[in-house]
Amino acid sequence: MVPKIDKLVNVLSTADKDVANFQVKLYDEMTTIEGLTEDGMYDATTMMATKLDLIREFFTMPNHHRKRDLIMAPVGPRSGDAIFANVERVNAELFTLTYGATVRQLLTDLEEVEEVNKQLDQMGYNIGIRLIDEFLAKSNVTRCVDFRETAEVIAKVGFKMFLGVTATVSNWDADGTCCSIILEDNPLVDFVELPDTCRGLYYCNILSGVIRGALEMVSMKTEVTWIRDVLRGDDAYELQVKLLKQVPEEYPYKDDE
Amino acid sequence: MIGVGKIKQYSNVLDKPLSKGKQEVSLSAFAFLFSELVQYNQTQVDNIAELERRLEDAGYAVGARVLELLCHRDKGNRRETRLLGILSFVHSTVWKVLFGKVADSLEKGTEHEDEYMISEKELLVNRFISIPKDMGTFNCGAFVAGIVRGVLDSAGFPAVVTAHFVPVEGQQRPRTTILIKFAEEVLASFSLIMTLFL
C-alpha cells in the first residue's frame, strides 16, 4: 500500500497548473490502487493535505471520481514546502543583492558598525510585525502548545515559506525557554565577505529582528542573538532565541463600556 | 557540535563555486525587504528627488554586480560592446534573471537619438506600492533605473537613467518606463566606429 500511495503522491507532485488535468490524473491514479482501505485513503489524503496541498483539488473533484466514500483528513497545518511551492517567488540573487545594497547604504550612512547592527535589527522588527499576518494566513498553523513547538514552526515552516530554506532547532535549555535555530542555508550571504573594517557587523541581523518582531505580535517577548556566523569565521549560522516573557492576551476594549 | 551539511567554509568568497542562480525566495520576502529599504531612505532625505537618487544608488550597486555575475556565468566572460547589444542584454537577459521575465518592450526614443526606453506594465518592485498623493511623481522604479544604470555604466556605456509612470488607457495602474539617455561620448564613439567602417 505505502509504495502505491507514494507513487500517487509522486505523480501528483509534478504540480499541474491546470486543475482539470490535475483531477483527471488524480482520478486515474486512484483507480489503479486496488484494495485501498479507508485507512489507506486517510493516509493518502493526509499526505496530500500536509505535504502537497492537494486537498483543495481533491474537494472539488466530482463525487463519482472519488471512487468511494472517503474519510477526509482534516485540513491540517501546511508544510513549509507546500506553501513555498504555492507562493509567488523571485530569484534569490535579486534578493541577495538588494539586501547587500541595503547594508552597504547603512554602512555609508551610519559609519558605526554598531549602529548598522541596530538599524538592521529595527528593519527586521518592522518586517516581523507585518510578516506574522501573512505567515498565519498562509500556514494554517494553530496555537502552539509551548515554546518548543513555536521554535519548530519558525524553523520548519517560517524560514521555508519566506526564504525557501529550512533550519534546525537544537541546544534547548532545561526549562524549554531558550534554544538555537541553526540555518543550513542562508540566501542573504551569497557573494558576501566582510572586510576587516566590518568585523563587528552582524550581517544577517535583519533575521533576528524579524523573529523578534513576529513573536512579539503573538505575545512572546524574546531576545534573539547571533551565536555563530559563517561570515565571522564560524562553521554555521546559529541564532539563539530566548523567551523572556509571555504577555497574556489583553483585549483593547472592555465589554461593559 | 551540530553538523550542518550544506554550509562549507571557504577561506575566500572567490573560491566558492558560483551558484547556478536557480535558487528562489518568496516574493513577499523581497517585497518586505524592499519596503524597508524605501522606508529607511525616506528617513534620510528632505525631498523626492533626493529619495529617488538614493534608491537609484542602491540599485546601481545591484546592477554593477549583476553585470559581472551574468557575464561570468552566462556569457563565458564576455560582455556586449555594442550599444544595441547591451540594450537587448538589459532588456532580456538581465530582466529575465532578476524579474523572471523579459521586459515588456524596448523602444528607441522618437525625439532624441540618444534615448531608449524599457517599459514594463507592472514592475516587480512596484507590485505592492502605492504612492501617496503628496509624493507626486515619485516612482520606486528608481531602484530599477539604478540597476539599469549600474549595468550600462559598468559595461562602458554611461547613461542617465530615470523611471517614470506612464498612464495606459483603460488600465487603472500606470506602466513604468525606464528612460535611458546615453552620455554624449557613447554616441560619439558609436558614430566614430560607424565612420571608420563606412
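pLDDT is the predictor's confidence in each residue, on a scale from 0 to 100. Keep that scale in mind, since what you have open is a predicted model.

**Stop 1: colour chain A by confidence**

Chain A averages a pLDDT of 81, and 68% of its residues score at least 70. Now select residues 65–74 of chain A: pLDDT stays under 50 there, and the model has 15 contacts beyond four places in sequence for this stretch.

**Stop 2: the two chains in cartoon view**

Show chain A as a cartoon and you can trace nine helices and five strands. From one end of the sequence to the other, the pattern reads α-α-α-α-α-β-α-α-α-β-β-α-β-β. Of its 257 residues, 37% count as buried. If you take the contacts in chain A between residues at least 6 apart in sequence, 64% join residues at least 24 apart.

Switch to chain B, where there are five helices and five strands, laid out along the sequence as β-α-α-α-β-β-α-β-β-α. This chain has 198 residues, 35% of them buried. Its C-alpha atoms fill a box of roughly 65 × 50 × 35 Å along the principal axes. Of the contacts in chain B with a separation of 6 or more, 57% are between residues 24 or more positions apart.

**Stop 3: helix α7 of chain A**

Select residues 113–139 of chain A, which form helix α7. With 27 residues at 1.5 Å each, α7(A) should span 39 Å, and its end C-alpha atoms are 36 Å apart, which agrees. Look along the helix for a kink of about 35°, centred on A:Arg130.

Next, show the buried residues of α7(A), among them A:Val116, A:Leu120, A:Met123, A:Tyr125, A:Ile127, A:Leu131 and A:Phe135. A:Asn117, A:Gln119 and A:Asp121 are also in the buried set, as are A:Gly124 and A:Gly128.

What covers these buried residues? The cover includes α6 (92–110), α8 (147–163) and α9 (205–217) of chain A, together with α1 (27–42) of chain B.

Before moving on, check both sides of α7(A). Just after the helix, A:Asn140 takes a positive phi of about 60°. In the loop between α6 and α7 of chain A sits A:Glu111, whose phi is also positive, near 65°. Most residues other than glycine have a negative phi. Is A:Glu111 buried or exposed? A:Glu111 is exposed, because it has 10 other C-beta atoms within 10 Å, and 12 or fewer counts as exposed.

**Stop 4: helix α1 of chain B**

The buried residues of α1(B) include B:Phe30, B:Phe32, B:Leu33, B:Phe34, B:Leu37 and B:Tyr40. B:Ser28, B:Ala29, B:Glu36 and B:Asn41 are buried too. Both chains contribute to the cover over these residues, which includes β1, α6, α7 and α8 of chain A as well as β1 and α2 of chain B.

**Stop 5: where the chains meet**

Select residues 89–91 of chain A, strand β1, which three bridges join to β1(B) in an antiparallel arrangement. Centre on A:Val90 to find B:Val25 standing opposite in β1(B).

**Stop 6: two loops to finish**

Go to the loop between β3 (178–183) and α9 of chain A and pick out A:Phe191. Its phi is near 65°, a positive value in a residue other than glycine. A:Phe191 is partly exposed, with 16 other C-beta atoms within 10 Å.

End in chain B, in the loop between α4 (142–154) and β4 (159–166), where you will find B:Gly156. With 13 C-beta neighbours inside 10 Å, B:Gly156 counts as partly exposed. Draw a distance from B:Gly156 to B:Val186: they are 30 residues apart in sequence and 8.3 Å apart in space, C-alpha to C-alpha.

Terms used. Residues are numbered from 1 along each chain as its sequence is written. Chains are lettered from A and ligands numbered from 1 in the order in which they are written. This is a predicted model: local features need pLDDT of at least 70, side-chain atom pairs count only at pLDDT 80 or more; totals for chains, interfaces and linings use all residues. Helices (H or I, at least four residues) and strands (E, at least two) are DSSP runs, numbered from the N terminus. The expected span of a helix is 1.5 Å times one less than its number of residues. The bend at a residue is the angle between axes fitted to the seven residues ending there and the seven starting there. A residue is buried if 20 or more other C-beta atoms lie within 10 Å of its own, exposed if 12 or fewer, and partly exposed in between; C-beta atoms are placed from the backbone. Two residues are in contact if their C-beta atoms, placed from the backbone, lie within 7 Å. Two strands pair if DSSP finds at least two bridges between them.
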